[in-house]
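Hi,

Here is the structure I promised to pass on. Have a look at it first, and my notes follow below.

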Amino acid sequence: MQVQATQPRWEGRTDRALGSTPQQPVVGVQTMRSADGNCGFQQYAQVQQQLQPQPQPPPTPQSLSQQLRPAIQHILEVVLENDFEESTLAVTDFVATFRFKDDSTVLQYMPPHQPEAVLRGRILEAVAHWIRNKSRELDDIVQLYQTHWVQPFIRERTQACMRELRQACYQSSADEVLAEFIFSIVVELVGREAACLGSALGGMILRQYTREDLLRLVEWPPMLLSHLVRTLTDMQAKVAKVVMEMYRESRFLSLDDSKNQLMAFFQHYTVETNGTLDVHETAGELRFTQSAFRVTLVDSYGGLMKLLSHLERICTPNNEPEVALAVDFEGVKLCRDGALCLVQMTCSDDPTHVYVIDVHVLGKRAFTMGTPTGTSLQGVLEDQNVRKVWFDPRNDVDALYHQFGITPKGIFDLQLAEVANRRSRGLSVNYVQGLYKCLTQCPTLRSEQKVFAEKINHLGKGLFEPHNGGTYEIFQHRPLNPVILVYAAHDSRYMLMLYEQYLATIGQQWVNRVLLAGAERGRWYLYQDYVLPNVEAPQF
């Protein structure tokens, strides 16, 4: 790849707003540049007043692209500071032929069928889908780079790029060279039509990292691509947030309905005990970071790489304090024959933040993908020195072994810890309890949290338990049902709280017994034929 020390595409631009009406206006969303120089997204003004076009006959499909082009060109200029003809043409064709969830097209929202404000929102939603598609194309390459047959070729290519890049940085402005390098990567990997994204990403990445940090990223291409994927993911979420406001103000959809419709564009959520689920553009939003119940949906390899890097930092040997990971799993009647769909994980360094890893989307690579030093989910689950806080692992380990070849170790079983808690007080215990009952008995859980636990337990089971009118296949529906997302994240959110409570009450002798008995349950997959777990409390 030849790296040219040319002027970055976004330099020397004047501020423009979607409210600056093009010659043939169809869309208008106001925005402005923030103090840190970010274009298009950092601050949003209100949607401009509805334009008042003269009544016209509805366009034919053949003329739709021509009519949409000025509006889309205007959007790309504001949001991405685009001046690439290839991008304008590609996005226009995409929007003109795109079908929404209800199978409608933009043509059906042209005046007089719908108000102009609704049309603007639909066009911008389609643009968000285009960005999402390009993000997925890049994301597919992240996991492709880790395949054994690709690695030698990529290593040679990367070394050549590094030599050229370092030499160019000494000859020209480093920022210009690095920005052009990122631009070239995007265009080469996902096509010239993505030039507008390559240009925007160059500016965004340069603001996030130093020159040396970027050069280190280039040494490991999957890590650099992961950063690009996550930046595009944040970009699509910011566009979707504007669309939500446009739909609300035009009364096309309620805020809840638009949130449900656009949920696939977001990866970061907060949950309130009153049942409110809010979406967030980035993990850095203040309302996200300050929430007592945060959820990050990991449904891309780029997002997974960030989580693995975090696990690598906190799961180092002799780490103080000792790290514990609460893990939980959901699937279609989960066992060796029932598909594993979701992994929920909470780290003890931040017990209010739950990661929901979408195995149904990511496949086996969810467990085998690794960082430059080899940290993977499979490695973490199989590491005896990293404590995994589980609640009855029997069906989970049966699925992990027979579907993915994973043999978990380092298991602390909360269900057995609850048995130990009763027995340590001299009680006779014959049967184990479920997680919901354990949570409602937890003294450190507030009353409103216990009420919410009951509510989400009821709502979730109503969606997947057949005798309640549900279906287990709902765990395979995408985008993920919001109730299923919260149901899955909820158990993992409070498992570490139970863990701390039991550690404080049962004593070290019982802790050792629980670990030994948990290890035995962790080998449940060894039965030749599947054995349904029973509810009898074992002796240990």
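Two rings of Phe, Tyr or Trp (for Trp, its six-membered ring) are taken as a pair if their centres lie within 6.5 Å. With that in mind, Phe94, Phe98, Phe100, Tyr109, Tyr247 and Phe252 form one aromatic cluster. Please keep in mind that this is a predicted model.

By the same rule, the count comes to 16 aromatic pairs. One of them is Phe412 with Tyr499: the ring centres are 5.1 Å apart and the planes stand at 80 degrees, so this pair is edge-to-face. Phe412 belongs to strand β10 (residues 411-413) and Tyr499 to helix α19 (residues 482-521), so the pair ties together parts that are 87 residues apart in sequence. Phe412 and Tyr499 are both buried.

The charged end of Arg513 sits over the ring of Trp510, 4.4 Å from its centre. Arg394 lies over the face of Trp524, and here the distance to the ring centre is 5.2 Å.

Now for the overall picture. The chain has 19 helices and 10 strands. Of its 540 residues, 56% are buried. Among contacts between residues at least 6 apart in sequence, 68% join residues at least 24 apart.

The largest share comes from β6, with 7 residues. Sorted by class, the lining of the largest pocket has 19 nonpolar, 8 polar and 9 charged residues.

Leaving aside residues up to four places away in sequence, Thr233 touches Ser135, Phe265 and Gln267. Glu448, in helix α18, has a relative accessible area of 33% and is therefore partly exposed. Between Glu448 and Thr273 there are 175 residues in sequence, yet their C-alpha atoms are 6.5 Å apart in space.

Finally, some backbone details to check before you set anything up:

- Pro111 and Pro112 are joined by a cis peptide bond, with omega about 10 degrees. Pro112 is in the loop between α2 (85-97) and α3 (116-144).
- Arg478 and Pro479 are joined by a cis peptide bond too, with omega about 0 degrees. Pro479 lies in the loop between α18 and α19.
- Asp103 has a positive phi, near 75 degrees, and is a residue other than glycine. Asp103 is in the loop between α2 and α3, and at 47% relative accessibility it counts as partly exposed.
- Arg251 has a positive phi of about 60 degrees, although it is not a glycine. Arg251 sits in the loop between α8 and α9 (255-261), and it counts as exposed, at 78% relative accessibility.

Best wishes

Conventions:
Residues are numbered from 1 along each chain as its sequence is written. This is a predicted model: local features need pLDDT of at least 70, side-chain atom pairs count only at pLDDT 80 or more; totals for chains, interfaces and linings use all residues. Side-chain values use heavy atoms; hydrogens and water are left out. Rings of Phe, Tyr and Trp (its six-membered ring) pair if their centres lie within 6.5 Å; planes under 30 degrees apart count as stacked, over 60 as edge-to-face and the rest as tilted. Helices (H or I, at least four residues) and strands (E, at least two) are DSSP runs, numbered from the N terminus. Buried means under 20% relative accessible area, exposed over 50%, partly exposed in between (1.4 Å probe, protein chains only). A charge sits over a ring if NZ of Lys or CZ of Arg is within 6 Å of the ring centre and within 35 degrees of the ring normal. Ala, Val, Leu, Ile, Met, Phe, Trp, Tyr, Cys and Pro count as nonpolar, Asp, Glu, Lys and Arg as charged, and the others, Gly among them, as polar. Contact means heavy atoms within 4.5 Å.
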